[in-house]
Amino acid sequence: MTRAEIFLARGEDARLRAGHLWAFSNEIDTARSPLTSFAPGELVNLFDAKGQGIGTGYVNPHSLIAVRLLASEVDVAIDRSFFQERIRRAIDTRAHFGLARFSRMVFGEGDRLPGLVVDRYGPHLVVQVGTAGMESLRELIQGALIECFAPEGILYRNDLEARKLEGLDQRTSEVWGTVPERVTVEEAGLAFQVSPRHGQKTGWFYDQREHRTRVARLCVGRRLLDVFSYVGGFSLTALAQGAREAVAVDESEAALSLAIENAEANQLEVPRTIVADAFDALRMLAESGERFEVIVLDPPAFIKRKKDFRPGLLAYERLVGFAARLLVNPGFLVLASCSSHLGVDDFRGAFARGVRRAGRAAKIVDVGGQGPDHPVHPSIPETSYLKVLYGLIEER
Ligand code: SAH
């Protein structure tokens with residue numbers, strides 16, 4: 001096999017040897033292996049400065065992450081059976097937790113398949129290909145997915161921002177087989193209709209599965225405010241488990257009308273919905289003297305890039321401040337962040353400052369993360385992105 005070779009600069013191998021999968025462009029010995037000599041997505045053997053093998057991966061000369069490793073030895077054949085093997089292991093990982101038909105089946109680096117995400121909706125797969133390397137291996141990956149899942153259809157939701165950084169176009173809706181406009185998610189005894197083409201992410205947030213159930217337990221007999229509700233996952237799970245009432249807030253009218261349809265289809269009480277910016281809605285609810293016993297805040301990532309850090313942190317703080325004023329004493333405030341650039345200590349700091357703004361005190365009674373279908377790569381902090389704080393908000 002003749003495979004292109006790429007060399008790390010001296011002393012740049014420690015992180016990769018400890019299991020990390022990325023080599024940054026400034027870590028490459030570009031005199032010995034000029035990045036411009038590679039095609040985006042080309043398979044490479046990666047070596048350290050002494051010529052010792054690090055692994056097999058793919059390169060993108062236009063990306064800050066120059067190489068992503070697929071295997072920790074050089075000359076590993078990247079063929080359909082390689083992908084079948086990795087996908088089977090991903091399937092086994094989820095099976096330990098009883099997850100199979102309604103689950104994220106591949107979570108990129110966490111499953112040692114950097115640049116690939118696969119969400120399963122029963123007989124349908126929704127795939128996101130995030131890198132030039134995975135894009136050039138798409139035929140092999142599709143073959144392996146068909147072999148492993150025998151799906152009725154595969155939809156590519158390749159409208160990811162990250163593809164721009166890789167020099168790839170942003171397209172949705174290319175399909176193998178057939179994928180209907182609406183697919184069904186079964187979770188906690190409910191069936192949710194979601195839109196794989198037009199919904200957020202691939203249509204559903206599997207990463208919050210355990211929290212929807214955990215929050216529902218706190219809501220029995222209580223009134224819930226579900227902010228950033230999307231299609232009503234938290235609200236409907238809580239209503240099904242005995243919540244007294246749920247109010248869902250989202251800026252997306254399409255998401256809230258799906259929430260209503262989903263409530264009706266599951267024979268649940270229909271939540272009150274408020275189509276509005278979350279900050280405006282919280283202010284409006286406070287002005288009209290509304291009170292809640294549980295509030296969930298599950299916003300989109302406020303810190304998408306490192307430079308958003310300060311304003312993003314302040315946005316979490318303000319959100320907590322507004323919400324804490326709406327809680328009875330004591331009341332539960334559940335705050336989530338999917339910002340991968342935000343660590344749990346800084347997140348707790350923003351939570352604490354928000355609670356102070358509202359003139360209240362808090363106890364953090366639980367801290368959670370993403371579910372087991374989003375496995376964390378132990379060497380790659382970015383793969384551990386979801387943080388959920390359960391605060392009990394009291395009088396000072
Ligand atoms: N809690 C949901 C997922 C939330 S996703 C679940 O468990 O399924 C984030 C949601 O926030 C999206 O539906 C998006 O439409 C909404 N959103 C984004 N910015 C918003 C804003 N400023 N005000 C209100 N909703 C917003």
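The legends below describe several close-up views of one protein chain in a predicted model.

In this predicted model, local features need pLDDT of at least 70 and side-chain atom pairs count only at pLDDT 80 or more, while totals for chains, interfaces and linings use all residues. Residues are numbered from 1 along each chain as its sequence is written, and side-chain values use heavy atoms, with hydrogens and water left out.

The domain assignment of the protein chain gives domain 1 (4-71), domain 2 (80-180) and domain 3 (184-395), where domain bounds come from an automatic or database domain assignment. The centres of domain 1 and domain 3, taken over C-alpha atoms, are separated by 40 Å, and 5 residues of domain 1 are in contact with 4 residues of domain 3 (contact means heavy atoms within 4.5 Å). Between domain 1 and domain 3 an area of about 370 Å² is buried, of which carbon and sulfur atoms give 66%; buried area is the accessible area (1.4 Å probe) that two parts lose on being put together, summed over both.

**View 1. The largest nonpolar core has 40 residues, V194 among them.**
A nonpolar core is a set of buried Ala, Val, Leu, Ile, Met, Phe, Trp, Tyr and Cys residues joined through side-chain atoms within 4.5 Å, and buried means under 20% relative accessible area, exposed over 50% and partly exposed in between (1.4 Å probe, protein chains only). Within the largest core, Y121, V194, W204 and V215 touch the most other members. Helix α7 (residues 233-240) gives the most to this core, with 4 residues; helices (H or I, at least four residues) and strands (E, at least two) are DSSP runs, numbered from the N terminus. The core draws at least three residues from each of domain 2 (80-180) and domain 3 (184-395). Leaving aside residues up to four places away in sequence, V194 touches partners including Y121, W204, V231 and L258. A second, separate core of 38 residues includes V227, V320, F322 and F347.

**View 2. E290 and R223 form a salt bridge.**
The closest N and O atoms of E290 and R223 are 2.8 Å apart. Because E290 lies in the loop between α9 (278-287) and β16 (292-297) and R223 in strand β13 (residues 223-227), the pair ties together parts that are 67 residues apart in sequence. E290 counts as buried at 18% relative accessibility, and R223 is also buried, with a relative accessible area of 11%. Elsewhere, salt bridges that share partners join E135, R138, R163, D169 and R171 into one network.

**View 3. The side chains of D207 and K201 meet in a salt bridge.**
The N to O distance in this pair is 3.6 Å. D207 is buried, with a relative accessible area of 4%, whereas K201 is partly exposed, with 29%. A search of the whole structure finds 30 salt bridges.

**View 4. S339 is placed in the loop between β17 (327-337) and α11 (344-357).**
S339 counts as buried, at 0% relative accessibility. Not counting residues up to four places away in sequence, S339 touches A301, F302, I303, Y316, Y385 and K387. In strand β17, where P330 lies, a cis peptide bond joins N329 and P330, with omega of about -10 degrees.

**View 5. A150 and Y230 have positive phi values.**
A150 is not a glycine, although its phi is about 40 degrees, and its place is in the loop between α4 (138-149) and β9 (153-158). A150 counts as exposed, at 63% relative accessibility. Y230, also a residue other than glycine, has phi near 55 degrees and is found in the loop between β13 and α7. At 12% relative accessibility, Y230 counts as buried.

Terms used: A salt bridge is a side-chain nitrogen of Lys or Arg within 4 Å of a carboxyl oxygen of Asp or Glu.
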